[in-house]
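Trainee: Could we go through this one together, term by term? I'd like to know what sits behind each label.

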Amino acid sequence: MLFDPRPKDNLKDLFDRESEIALLKNSLDSPLIVIIGLRRTGKTSLIKSVLNDTKSTYIFLDMRRFENKEYIVYKDFIKSLEREINEITRKNKDLLSYLRHIQGVQVMGFSVSFSWGEEKVEISDVFSELNDWASEKGKTMHIVIDEAQELIKLRGYDILPSIAYAYDNLKNLSFIITGSEVRVRDKFLKLEDENSPLFGRAHIEINLVPFSKETAIRFLEEGFKEQGINFPDSEKIFDILGGNPGWLTYFGYIYIKHGRDEEKAILETKRYAKRLLSREFCNFIKEGGRDKRRYLKVIETCRKGCSWKDIKNSLEALEGREINDGTVSNIINNLLEYSFLVKEDRKYMITDKLLGEIIDV
Ligand code: ADP
């Protein structure tokens, strides 16, 4: 069902995205695939649908669980890995005999426990054994790290050398990393930083953008048709909510669930989006000890697109005094880095129409 609000895990429920599906399918044996996209554009849905369709074996590490944490420690990460590996060992008991050799791993019955204390498990050892197991089976094991930018907050441990080691040596492992553009590619993977363990590694990049107007309208029409509903206002809904598949899906879901009340469904969707976006924005403010009023002002100013000078003027009007250029650029760059803003033709725009709704957080 197109309007199912959970991530899709089946290609028949995934709307459009034909070229992204084809590219991902054709790249499944690449060592590193990076899927870039704003929140709720369908990164998880694309990966799960394709990996299930191709009957691939995969571990799905959902780093969203750390969204509200100020920092993450090794234990947090290793426990996520342990949980996901136990999902696989349940169906593949022979994997246990590979894992039991690793220092810091305890096998109990049909599950494993990873130590994070003194004799902690080395992630590269786990990758090595997963590779050997996959190689023995003649398949590729995919390690998905969803919203990987959260791992920038990992303290006291660097996971990149283990990924680089796997990239170079473990031919039966493939990493699929998702996240927002600047943070995951430039700040986490640091593929273009010569001091990074992953520097210069070739990778496949898939960019998921929100639906265009035409696609969004088709999506809504198809979704309603699937439910036997003739819905005439798809264009209006796009104009209000924009093309983010997550918001459109939620709108359709609520409209059907709550007695086909369009106004109510719009309001509910805005409330839902606002909650998610505000949480993300508040984390961003807290993480960097940033001045919330200034950042909200810039978001408000960029609702319909504006120049650097417009932003400077709006900040000066807010504070009733001059603000130096470096401070203005710093605020803009932080918002670009966290994908709240995008720069197009020398204009700055909010990346999601509904970001304009968080003004009063
Ligand atoms: P992300 O991982 O980028 O945050 P999700 O895969 O969780 O995005 O998708 C967000 C929401 O939008 C989910 O409800 C999902 O079902 C829906 N969705 C996203 N893309 C599509 C698509 N192409 N077809 C159908 N539903 C989609």
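**Labels and their cut-offs**

Mentor: Let's start with a helix: the buried residues of α6 pack against β1 (32–37), α5 (123–137), β6 (141–146), β8 (173–179) and α7 (181–189). Contact here means heavy atoms within 4.5 Å, and helices (H or I, at least four residues) and strands (E, at least two) are DSSP runs numbered from the N terminus. Bear in mind that this is a predicted model, where local features need pLDDT of at least 70 and side-chain atom pairs count only at pLDDT 80 or more, while totals for chains, interfaces and linings use all residues. Residues are numbered from 1 along each chain as its sequence is written, and side-chain values use heavy atoms, with hydrogens and water left out.

Trainee: Which residues of α6 are buried?

Mentor: In α6 (residues 160–169), they are L160, S162, I163, A164, A166 and Y167.

Trainee: Why is E82 called buried?

Mentor: Buried means under 20% relative accessible area, exposed over 50%, and partly exposed in between (1.4 Å probe, protein chains only). E82 has a relative accessible area of 13%, so it counts as buried. You'll find E82 in helix α3 (residues 74–91).

Trainee: What does E82 touch, leaving aside its neighbours within four places in sequence?

Mentor: V112, S113 and F114. A polar atom of the E82 side chain also lies 2.7 Å from the backbone nitrogen of F114.

Trainee: What makes a pair of atoms a polar contact?

Mentor: Both are N or O atoms, within 3.5 Å; within protein, one must be able to donate a hydrogen and the other to accept it, and residues adjacent in sequence count only if both atoms are side-chain atoms. For the ligand, one of its oxygen atoms is 2.6 Å from an N or O atom in the side chain of S45. A ligand oxygen is also 3.0 Å from a side-chain N or O atom of R64. The protein covers 99% of the 560 Å² of accessible area that the ligand has on its own (Shrake-Rupley method, 1.4 Å probe; for residues, only the protein chains shown count as cover).

Trainee: How many residues surround the ligand?

Mentor: 22, and the closest are P5, R6, K8, T44 and S45. To be near, a residue needs a heavy atom within 4 Å. The shell draws at least three residues from each of domain 1 (11–208) and domain 2 (213–277), with bounds from an automatic or database domain assignment.

Trainee: Which helices each supply at least two shell residues?

Mentor: α2 (43–53) and α10 (245–257).
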